[in-house]
Amino acid sequence: MDESEREQALLTVLTTEHYALQTSRAGTIAEATGRATIFLSVLSAALIGLGFVASNDKLVRPYLAAVLPTLVIIGVLTFLRLVETTVENSLDLRRIQRIRAYYQHQLAGEHDFFADAVVADDAMSTAWNLVGTRPGRWEFLLTTAALVGAVNAVLSGLGIALVAATVGAGGVVTVVVGVLVAVVAFAVQFVYIVRMSAGRRR
């Protein structure tokens, strides 16, 4: 195989890889949307069920005792997978940018079709700038994982508040404890998102 044939074969392989990576990105987005939708649907069904038992004091607490832990478990599992899909999406985007940079170097010549993909230092920042996102830890607040994490935090805070009320804590104490647990739970999940994303991007 001479140099020309080798470059043509490499171009074919890169084109196929580009398509595969784009398909993978679409798959992670679809999966994230589907998982978040399932979780929120289960949450909505639980709230509807709560509406049916709300008028019966004997049923409300057992219902919440059964439903809240279930929702938290489902939420945490959903959150963990959404973090993985966020990382996978980021890595796929970075690999696509590397292929586009090759297109620019080898094929574009004096044209600038893929010039935005050519990077010197931070390939990940360039990749995310291309899709209109400014890279940074606070950007993770806008992910689907952070959305589910926020719901998980509220559910956790509510569950602890109900436990505090059950053991006889005052109204103010119950509210404060519930809010603190919710804030801490969300902070822990947010830190997890940032660390997982930063670790996989290196």
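This is a predicted model: local features need pLDDT of at least 70, side-chain atom pairs count only at pLDDT 80 or more; totals for chains, interfaces and linings use all residues.

Me: Where does UniProt place the feature "transmembrane region"?

Reply: The unreviewed UniProt entry puts it at residues 36-54, 60-80, 140-165 and 171-194. Compare residues 60-80, a span that is 100% helix and 0% strand, with end C-alpha atoms 30 Å apart.

Me: How many helices and strands does the chain have?

Reply: Five helices and zero strands, so the order from the N terminus reads α-α-α-α-α.

Me: How do I judge the span of helix 1?

Reply: Set its end-to-end distance against the expected one, at 1.5 Å a residue. Helix 1 covers residues 3-53, 51 residues in all, and reaches 74 Å from its first C-alpha to its last, close to the expected 75 Å.

Me: And which residues in helix 1 are buried?

Reply: Buried here means under 20% relative accessible area. Among those that qualify in helix 1 are Leu-14, His-18, Leu-21, Arg-25, Ala-36, Phe-39 and Val-53. For the chain as a whole, buried residues make up 35% of the 202.

Me: What about the largest nonpolar core: which of its residues touch the most other members?

Reply: The idea is to look for buried nonpolar residues joined through side-chain atoms within 4.5 Å. The largest such core has 22 residues, and Leu-71, Phe-79, Ala-145, Val-148, Leu-155 and Ile-193 touch the most other members. Helix 1, helix 2 (57-108), helix 4 (144-166) and helix 5 (171-201) each give two or more residues to this core. Helix 2 supplies the largest share, eight residues. Apart from this core lies another, of five residues, including Leu-14, Leu-21, Ile-96 and Ile-99.

Me: Which residues is Val-148 in contact with, leaving aside its neighbours within four places in sequence?

Reply: Ala-36, Phe-39, Gly-75, Thr-78, Phe-79 and Leu-82.

Me: Last one: why is Ala-187 called partly exposed rather than buried or exposed?

Reply: Because its relative accessible area is 37%, which falls between the 20% and 50% cut-offs. Ala-187 is found in helix 5. Ala-187 and Ala-150 are 37 residues apart in sequence and 9.2 Å apart in space, C-alpha to C-alpha.

How values were computed: Residues are numbered from 1 along each chain as its sequence is written. Side-chain values use heavy atoms; hydrogens and water are left out. Helices (H or I, at least four residues) and strands (E, at least two) are DSSP runs, numbered from the N terminus. Buried means under 20% relative accessible area, exposed over 50%, partly exposed in between (1.4 Å probe, protein chains only). The expected span of a helix is 1.5 Å times one less than its number of residues. Contact means heavy atoms within 4.5 Å. UniProt positions are given in the numbering used here, feature names are shortened, and annotations may be inferred rather than shown by experiment.
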